[in-house]
Amino acid sequence: MAKATDAITMDELITGLGDLRATTEGEGQDICQAAVNILFALKEEEAKTAADALDILHDYRLQGKQYAALQKKHLTAGKPFLKDGVWHCPDCNGRCRPNNSFCHRCGKKLGWR
C-alpha cells in the first residue's frame with residue numbers, strides 16, 4: 001500500500017527520482033536531475049517531508065512579496081503634491097518639506113522632478 005504524500009520523506013523522494021532517472025533517457029534524465037537538485041536544496045533548508053518543503057516554498061513566496069512591496073515603497077519615487085500651500089506625501093498624505101528625499105512619516109521615497 002502506498003504512503004500518503006505528506007508521509008513521504010525527502011530522502012525517499014530523492015531516491016525515487018534517482019531511480020526514475022536511471023530508467024529514462026535524454027531530457028527525462030535532465031528533468032529528474034533538476035528535481036533532485038531542488039529537493040536536495042529544500043532538504044538542506046531542514047525540510048524532512050513534502051509538507052515541510054511546501055511550507056518553506058510558501059514562506060519564500062511571502063518573503064518575496066514583502067520584499068517587492070518594500071522595494072516599491074522605498075526605491076520607487078513618488079511625486080509629492082501641493083495642497084493648500086503645503087507639500088504632501090503621495091502615499092500617506094503626510095506633510096513633507098521640499099527636497100526631502102523620503103517622507104518622514106511613512107518612508108516613501110520622494111521624487112521632486
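Is Met10 buried or exposed, and at what relative accessibility? Met10 counts as buried, because its relative accessibility is 1%; buried means under 20% relative accessible area, exposed over 50%, and partly exposed in between, with a 1.4 Å probe and protein chains only.

Before I continue, a word on the basis of these values. This is a predicted model, in which local features need pLDDT of at least 70 and side-chain atom pairs count only at pLDDT 80 or more, while totals for chains, interfaces and linings use all residues. Residues are numbered from 1 along each chain as its sequence is written, and side-chain values use heavy atoms, with hydrogens and water left out.

Let me turn to the overall architecture. The protein chain holds three helices and two strands, and from the N terminus on their order is α-α-α-β-β. Helices (H or I, at least four residues) and strands (E, at least two) are DSSP runs, numbered from the N terminus. The radius of gyration of the protein chain is 25 Å, whereas a compact globule of 113 residues would have one near 13 Å. That radius is taken over C-alpha atoms, and the globule rule is 2.2 Å times the number of residues to the power 0.38. Along the principal axes, the C-alpha atoms fill a box of roughly 75 × 30 × 20 Å. Of the 113 residues, 22% are buried.

I return now to Met10, which lies in helix 1. Beyond its neighbours within four places in sequence, Met10 is in contact (heavy atoms within 4.5 Å) with residues including Leu39, Leu42, Ala47, Ala50 and Ala53.

Met10 also belongs to the largest nonpolar core, whose nine residues are Met10, Ile14, Leu17, Val36, Leu39, Leu42, Ala47, Ala53 and Ile56. Helix 1, helix 2 and helix 3 each contribute at least two residues to this core. A nonpolar core is a set of buried Ala, Val, Leu, Ile, Met, Phe, Trp, Tyr and Cys residues joined through side-chain atoms within 4.5 Å. Another core, of five residues, lies apart from it and has among its members Cys96, Cys103, Cys106 and Leu110.

Which residues of helix 3 are buried? They are Ala50, Ala53 and Ile56, and they pack against helix 1 (10-23) and helix 2 (27-44). Ile56 touches Leu42, Glu45 and Ala47, not counting residues up to four places away in sequence.

Finally, the cysteines. How many disulfides does a search of the whole structure find? The search finds zero, a disulfide being a pair of cysteine sulfur atoms within 2.5 Å. Cys89 is in no disulfide, and its nearest cysteine sulfur, that of Cys106, is 3.7 Å away. Cys89 counts as buried, because its relative accessibility is 1%. For Cys96, the closest cysteine sulfur is in Cys103, at 6.1 Å, which is too far for a bond. Cys96 is buried as well, with a relative accessible area of 9%. By contrast, His104, in the segment after strand 2 (86-88), counts as exposed at 72% relative accessibility.
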